Amino acid sequence: MLAPEPVLVRRCDTRSALLVTGLLLLGAGSALALWASGTTVLVTLVRMLVLVVGIIAAIAGLGRLARAARGKPVDVVFWLGMTWLVLILGAAALAPWLPLGNHDDSVAGLTAPIFAQPGGLGADYPLGTNNYGLDVLARAVFGARTSILVALLAVLIGTVVGGLIGMVSGFVRGTTDRVVGILSNALLAVPPLILLIALGTVLDPSIRSIAFALSLLTIPSMVRLARANTITVAQREYVLAARALGANRMRLLLREVLPNVVLPVLSLAVVMISVLVVAEASLSFLGIGIEQPAPTWGNMIAEGQGGVMEENPYIVVVPGICLFLTVFSFNLLGERAQKRWDPRSAKL
Amino acid sequence: MSTHLLEVVDLRTVFHTARGDVRAVDGVSFSLAAGETLGLVGESGSGKSVLGRSVMGLISNSAMTTVSGQVLLEGTDVHALKPSARRRLWGPEIAMVFQDPMTSLNPVKRVGTHLTETLRRHLRCSRSEATERAVDLLRQVGIPEPARRLAQYPHELSGGMRQRVVIATALACDPRLLIADEPTTALDVTVQKQILDLLGSLVVERDMAMLLVSHDLGAVAGRTDRVQVMYAGRTVESGRTRPVFAAPEHPYTEALLASIPQLSHPPHTVLRAIEGNPPDMARPPLGCRFASRCSRVGEECTAVLPALSVVPSPVAADAAARAVACHHPVLPEPVAMEEVGHGR
């Protein structure tokens with residue numbers, strides 16, 4: 001009875017302290033960030049610094065609040081990232097049914113004001129309009145739809161095709177393995193951007209063909225990972241034991257090897273998503289991806305070229321922040337997945 | 001002869017490596033009847049495991065290996081079968097228990113899946129029948145709460161439990177011949193005894209034949225009918241377990257037995273090891289393979305390979321006659337090796 005008491009007292013004590021400091025930090029941080037984003041008093045560079053400091057303070061405050069609520073440290077950045085992912089994926093999936101403005105009809109945009117400044121929630125144009133009078137918020141959401149769809153499709157193709165090729169070549173070995181090795185090394189040796197530009201000139205700029213082009217980037221690394229894991233798994237005694245019970249090669253591959261190879265491959269796939277979101281944005285920025293007026297984050301950022309960004313920074317800032325947060329969140333998720341599923345850290 | 005379940009005649013397994021041909025098994029013959037247990041002993045690298053796998057047909061002719069000689073399972077040559085026909089033997093006819101239960105169960109498959117998959121494949125029974133049989137099998141190998149174990153993953157079980165599961169999977173399709181490849185090497189001493197007792201009683205219950213491969217002389221001594229001592233891919237001595245261990249005739253068997261520490265020895269007695277290492281099997285010596293380590297080596301030993309010859313036995317026309325491959329066998333004198341008989 002005596003032993004747990006001091007612990008209890010200390011916990012109550014720290015909990016209230018955490019609550020107070022957390023609330024203070026969160027309030028001060030968000031106020032600072034809000035002021036910095038709106039003010040014109042400071043030089044841009046200093047303003048950005050103040051903004052970042054405000055955001056960090058707000059996140060630290062949120063962390064304290066979460067710790068006070070849960071009673072143990074919480075990875076707030078991770079959960080903020082996951083919240084963003086849920087929001088952006090949900091918005092992207094439901095985009096056609098959301099009450100959004102005009103995102104790609106440039107004829108209808110003729111009657112709308114161009115470069116309308118962001119009006120905030122409740123305004124006609126919450127995040128402003130671009131030079132065709134199209135709604136930036138709607139374009140950001142529909143852009144998310146394209147960017148994430150392309151990245152997911154490419155990763156899906158790359159994981160399935162690359163994973164299967166890698167598994168078969170690692171299991172069969174011999175000539176098949178050598179040929180696959182040469183091909184995947186050859187694909188890895190081509191600079192990715194040059195390969196994409198070359199493909200972009202040949203293929204028509206549709207979601208399907210861009211997903212295909214991007215999947216070519218993921219296939220070689222997937223092949224390598226799946227092959228390496230298959231080789232280690234195939235040497236394990238349980239594969240021999242299954243063979244000694246009369247399993248044929250197909251069965252060995254599907255029932256013994258595949259379940260052990262899936263996890264490391266999947267965790268690489270999550271990391272790949274963020275790489276491909278960036279790759280898709282680069283392509284669209286260069287004008288060889290999805291074409292205007294259909295929005296993607298890449299071609300939205302490209303709209304800021306030619307002095308537009310200096311006048312109307314929100315044109316670049318909105319898609320830029322979307323891109324940054326999405327990639328950042330997918331990376332956090334991928335890191336978690338790898339930590340959890342990496343065979344090197346797993347017990348035998 | 002036809003009463004024998006398994007008949008191995010002059011089996012040779014050669015691996016073609018970059019260093020040359022490695023003769024892992026070099027002309028081994030034996031036979032095994034139902035209900036009988038044959039112990040295969042020898043130190044690491046003597047070809048015991050390769051022999052076990054060659055008998056099963058897991059090692060067969062390929063670009064890298066040549067298997068010659070005959071392995072007759074009830075008259076059919078295992079190595080003459082097509083791979084698909086041979087696969088049908090594995091499970092219902094021959095099964096194998098592997099050395100390390102930590103690695104011979106797939107970590108991502110439940111215990112039940114290991115058992116039911118095999119059952120459903122070979123016996124073509126329904127899911128519920130397979131589950132019923134799986135529970136029954138787990139009970140037979142002495143696993144408490146078998147129904148609950150089916151849903152568990154291998155890492156949730158202890159080493160001894162896992163080896164019991166491995167044995168249960170091997171027995172799933174009622175094999176006639178069980179090859180136990182060092183089944184107790186990775187286990188605790190107390191668990192070793194349990195597993196060996198279990199295997200012994202299963203052999204009797206099911207009238208199986210068992211090939212017990214081990215380097216643990218204690219394990220072999222108490223639980224086999226006959227024993228075959230291997231050295232460098234060849235049989236150096238064979239016969240009934242008790243007389244072979246009581247009065248070894250080959251110097252290698254004698255040295256092997258002498259190297260077992262005895263409880264009766266005073267503490268800090270220096271262990272009697274066999275000097276040197278087994279020969280390089282890519283370049284085997286001309287004469288007896290044990291010659292370089294043998295205490296009784298003579299001139300002819302380094303020049304002429306001794307054949308395995310039957311020792312005249314006091315019991316006439318013994319089917320499991322004592323045979324030894326040595327130019328200078330140890331003279332049979334009544335030596336008491338009581339401790340070995342009891343094993344661990």
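The model is predicted; local features need pLDDT of at least 70, side-chain atom pairs count only at pLDDT 80 or more, and totals for chains, interfaces and linings use all residues. Residues are numbered from 1 along each chain as its sequence is written, while chains are lettered from A and ligands numbered from 1 in the order in which they are written.

**The sheet in chain B**

Four strands of chain B form an open, antiparallel sheet in the order 2-1-4-5. Strands (E, at least two residues) and helices (H or I, at least four) are DSSP runs, numbered from the N terminus. Two strands pair if DSSP finds at least two bridges between them. Strand 2 (20-33) and strand 5 (76-77) of chain B are at the edges with a single partner strand each, so one side of each has no neighbour in the sheet. Strand 4 (residues 65-73) of chain B pairs with strand 5 of chain B over two bridges, in the antiparallel sense. Leu72(B) has Asp77(B) in strand 5 of chain B as its bridge partner.

**Two helices in chain A**

Helix 7 (residues 207-234) and helix 9 of chain A have axes that come within 9 Å and cross at roughly 155°. Axes are lines fitted to C-alpha atoms, for helices over the stretch in contact, and angles run from 0 to 180 degrees between N-to-C directions. Helix 7 of chain A is therefore roughly antiparallel to helix 9 of chain A (the term applies to angles over 145 degrees). Among the residues that make the contact are Leu214(A) of helix 7 and Leu268(A) of helix 9 of chain A.

**Where the chains meet**

In all, 15 residues of chain A are in contact with 22 residues of chain B (C-beta atoms, placed from the backbone, within 7 Å). On the side of chain A, helix 8 (237-243) and helix 9 (249-286) each give two or more residues.

The table gives residue classes for both contacts.

| Contact | Nonpolar | Polar | Charged |
|---|---|---|---|
| Helix 7 with helix 9 of chain A | 17 residues | four residues | one residue |

Ala, Val, Leu, Ile, Met, Phe, Trp, Tyr, Cys and Pro count as nonpolar, Asp, Glu, Lys and Arg as charged, and the others, Gly among them, as polar.

**Thr169(B)**

Thr169(B) lies in helix 6 (residues 159-171) of chain B. Thr169(B) is buried, with 28 other C-beta atoms within 10 Å (20 or more count as buried). Leaving out residues up to four places away in sequence, Thr169(B) touches Leu245(A), His114(B), Leu115(B) and Thr118(B).

Notes
Two residues are in contact if their C-beta atoms, placed from the backbone, lie within 7 Å. Angles under 35 degrees count as roughly parallel, over 145 as roughly antiparallel, 65 to 115 as roughly perpendicular and the rest as oblique. A residue is buried if 20 or more other C-beta atoms lie within 10 Å of its own, exposed if 12 or fewer, and partly exposed in between; C-beta atoms are placed from the backbone.
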